[in-house]
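Q: Hey, could you walk me through this one? I'd like to hear about the metal site and some helix packing.

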Amino acid sequence: MPDVLTYYLNKIERLGIDRSHGKPAPHKPILLLAVIDSFEQGLIAKNQIEPSPQIVESFLKFWHLVSLEKPRIFLPFFHLKSDKFWHLHPKAGREQLLQMTKQFNSMAQLASVVAFASLDEDLFTLLQRADAREVIRRKIIEVYFPEQAEMFRAVIAENQEINQIENLLLESAENKNADASKTVADMPKRNIAFRRAIIRLYDYTCAACRLRIITLDGETALETAHIFPFAKSYDDSIGNGLSLCPLHHWSFDKGLFSIDDDYKMIVSGNFEESGNEAFLLRNLKAKEIYLPKEKPFRPSLTMIRWHRENQFQNYC
Ligand SMILES: [Zn+2]
């Protein structure tokens with residue numbers, strides 16, 4: 001009887017993979033790399049892998065290294081079940097539908113039927129260990145992507161660094177430290193970490209209008225705004241961030257609205273607008289912005305005051 005790790009390494013080496021297009025299809029091994037990535041980011045605490053934007057995000061990072069085709073993550077998310085260590089769990093009332101389905105056509109369609117996938121309990125336990133993750137990941141790359149091994153390793157190392165920076169950002173917000181991530185000089189990586197942390201804390205929601213858009217193919221319309229512009233403040237701590245849709249990001253940067261000390265919106269009188277009432281900025285006046293659940297991650301009042309005093313067009 002081989003040990004558990006060897007058992008799963010063998011399974012992973014022999015994934016049932018579509019080879020009808022000449023080369024073996026990369027979908028399943030890429031999904032497994034994305035799952036390992038999600039474990040590493042601490043996103044999988046329970047044995048439940050949801051068809052979520054996060055897993056799509058991880059999938060895309062690797063997908064673009066090997067294919068120019070559309071990243072159809074719903075294919076492996078569904079078909080990995082034939083490898084017997086990946087189990088699909090239907091949403092309530094969708095049991096029969098899942099049983100009858102032979103294929104999904106989009107991640108949104110899959111997510112309407114599948115609540116989550118779980119792994120064999122043994123594999124789940126294994127993937128919680130950093131050393132086992134490393135061995136399994138190496139095996140996937142060696143078997144399925146030997147020619148791109150260098151690139152994969154570079155992306156994985158970069159991911160790990162971005163995860164660390166993101167954790168630093170979150171920790172320093174929690175402990176109210178001076179921003180610890182400032183010790184990291186690498187701006188592109190800090191930008192990615194800042195954006196990722198903010199978008200997640202705000203759950204892909206515009207703080208102003210509460211619009212929440214995520215296509216389950218990994219796109220979101222949401223943008224990350226610095227309350228005190230980064231070019232002036234060099235501050236990318238969590239408290240200087242807001243998640244906004246493109247319209248409200250623009251309006252915020254132009255000072256058409258700002259936020260008071262109770263996190264309510266104040267709207268400038270210095271512009272004209274017309275159209276559907278529901279979409280007008282002036283109707284958001286005095287509404288509370290959407291806030292991260294945990295207090296330490298909310299916008300800093302110092303930053304908000306700066307915006308109010310320097311950016312807001314205060315003509316009522
Ligand atoms: Zn908005």
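This is a predicted model: local features need pLDDT of at least 70, side-chain atom pairs count only at pLDDT 80 or more; totals for chains, interfaces and linings use all residues.

Q: Great. Which protein donors does the zinc ion have?

A: They are Cys-206 (SG), Cys-209 (SG), Cys-245 (SG) and His-248 (ND1), at 2.0 to 2.3 Å from the zinc ion.

Q: And what is the arrangement of the four donor atoms?

A: It is tetrahedral, because the angles they subtend around the zinc ion run from 95 to 123 degrees.

Q: What spacing do the donors follow along the chain?

A: The pattern is C-x2-C-x35-C-x2-H.

Q: Switching to helices: at what angle do α1 and α8 cross?

A: Roughly 25 degrees, with the axes of α1 (residues 4-13) and α8 (residues 130-144) coming within 10 Å. Angles under 35 degrees count as roughly parallel, so α1 and α8 fall in that class. The crossing is right-handed.

Q: Which residues make that contact?

A: From α1 there are Leu-5, Leu-9, Ile-12 and Glu-13; α8 brings residues including Val-135, Ile-136 and Lys-139. By class, the contact has nine nonpolar, no polar and two charged residues.

Q: How about α2 and α9, left-handed or right-handed?

A: Right-handed. The axes of α2 (residues 27-40) and α9 (residues 149-174) come within 11 Å and cross at roughly 25 degrees. Ile-30, Leu-33, Asp-37 and Glu-40 of α2 meet Phe-152, Asn-159, Gln-160 and Asn-163 of α9. That contact has three nonpolar, three polar and two charged residues.

Key
Residues are numbered from 1 along each chain as its sequence is written. Side-chain values use heavy atoms; hydrogens and water are left out. Axes are lines fitted to C-alpha atoms, for helices over the stretch in contact, and angles run from 0 to 180 degrees between N-to-C directions. Helices (H or I, at least four residues) and strands (E, at least two) are DSSP runs, numbered from the N terminus. Angles under 35 degrees count as roughly parallel, over 145 as roughly antiparallel, 65 to 115 as roughly perpendicular and the rest as oblique. A crossing is left-handed if the near helix is turned anticlockwise from the far one by less than a right angle, and right-handed if clockwise. Contact means heavy atoms within 4.5 Å. Ala, Val, Leu, Ile, Met, Phe, Trp, Tyr, Cys and Pro count as nonpolar, Asp, Glu, Lys and Arg as charged, and the others, Gly among them, as polar. Donors are N, O and S atoms within 2.8 Å of the metal (3.2 Å for Na, K and Ca); water is not among the atoms, so sites may look incomplete. Four donors count as tetrahedral if all angles lie between 85 and 135 degrees; four count as square planar and six as octahedral if opposite donors are over 155 degrees apart and all others between 65 and 115; anything else is irregular.
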